[in-house]
Amino acid sequence: MPPPPASIAPQPPTARARLFDALDIVATGLFAMEGAAAAAHAGLDLLGILVVGFIVALAGGILRDVLLGDLPPAAFSSRTRIVVALVVSLATFGVLAVVDELPALALATADAVGLALFAVGGAEKAAARGANLWVVAALGTMTATGGGLVRDILLNRVPFVLTHSVYGTAALAGALATGILLRWTRTRGLALLAGALITFLLRMLAVIFDWQLPRLVP
């Protein structure tokens with residue numbers, strides 16, 4: 001009888017995988033805090049706060065991975081993201097008064113950081129799967145805004161991303177820049193940094209100067 005095949009030792013994660021995980025986990029924590037705070041202000045109980053915080057933190061990435069055929073989604077392939085989402089949501093419930101005392105600009109800055117990290121992380125993952133530039137931009141934007149969209153539906157309000165137009169636009173611009181630089185320069189660090197800065201700066205300028213895209217007023 002032939003000898004049994006030798007077992008293949010698991011390969012350590014690549015630098016790209018470690019970088020993606022780091023970006024995703026930091027953004028997960030920031031969005032979990034924002035989602036839990038929004039749920040608390042809407043009058044939900046502790047379970048509702050945990051559910052909304054969890055969804056805001058993870059829904060965009062889950063949708064991205066499902067569309068890419070990357071199953072199970074990264075959120076479920078290890079405990080880290082689930083634990084981060086739930087722990088941060090629970091912590092936000094416990095220190096909501098402290099969170100509410102933070103200046104509005106500080107909270108907007110934290111949200112912009114999470115938006116930027118999710119946008120470039122989603123774009124980078126789509127590019128790594130060989131998606132074309134338009135899919136890269138769309139999935140980066142979806143990763144950054146999908147959780148907030150679901151949050152607002154659960155809280156029965158018009159989605160923030162549809163009323164504060166430079167929110168989704170900022171994510172789209174950063175994801176598109178990331179995809180372009182990944183394709184033209186092949187320099188991952190530069191592409192992620194540039195895309196994140198574009199998203200972050202556009203969002204913060206929109207907050208400071210109240211930028212909006214044109215709209216029809218009835």
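Tutor: Helices here are DSSP runs of H or I with at least four residues, strands are runs of E with at least two, and both are numbered from the N terminus. This is a predicted model, in which local features need pLDDT of at least 70, side-chain atom pairs count only at pLDDT 80 or more, and totals for chains, interfaces and linings use all residues. Residues are numbered from 1 along each chain as its sequence is written, and side-chain values use heavy atoms, with hydrogens and water left out.

Student: What pattern does the protein follow, read along the sequence?

Tutor: The pattern is α-α-α-α-α-α-α-α-α-α, and by the DSSP runs the protein has 10 helices and 0 strands.

Student: Why is the protein called as compact as a globular protein of that length?

Tutor: The radius of gyration is taken over C-alpha atoms, and the globule rule is 2.2 Å times the number of residues to the power 0.38. For 218 residues the rule gives 17 Å, and the protein comes to 18 Å, which is close, so the protein is as compact as a globular protein of that length. Along its principal axes, the C-alpha trace spans about 75 × 40 × 30 Å.

Student: What makes Thr 199 count as buried?

Tutor: Buried means under 20% relative accessible area, exposed means over 50%, and partly exposed lies in between, with a 1.4 Å probe and protein chains only. Thr 199, which sits in helix H10 (residues 188–209), has 0% relative accessibility and therefore counts as buried. Contact means heavy atoms within 4.5 Å; leaving aside neighbours within four places in sequence, Thr 199 is in contact with residues including Leu 115, Ala 116 and Ala 119.

Student: Is Thr 143 buried or exposed, and which residues does Thr 143 touch?

Tutor: Thr 143 lies in helix H7 (residues 133–154), and its relative accessibility of 2% is why Thr 143 counts as buried. Not counting residues up to four places away in sequence, Thr 143 touches Gly 60, Gly 61, Arg 64, Phe 118 and Gly 122. Of the 218 residues of the protein, 42% count as buried.

Student: How do you know that the span of helix H6 agrees with its number of residues?

Tutor: The expected span of a helix is 1.5 Å times one less than its number of residues. Helix H6 (residues 104–128) has 25 residues and should span 36 Å, and its end C-alpha atoms are 36 Å apart, so the two values agree. Just after H6, Gly 130 takes a positive phi of about 85°.
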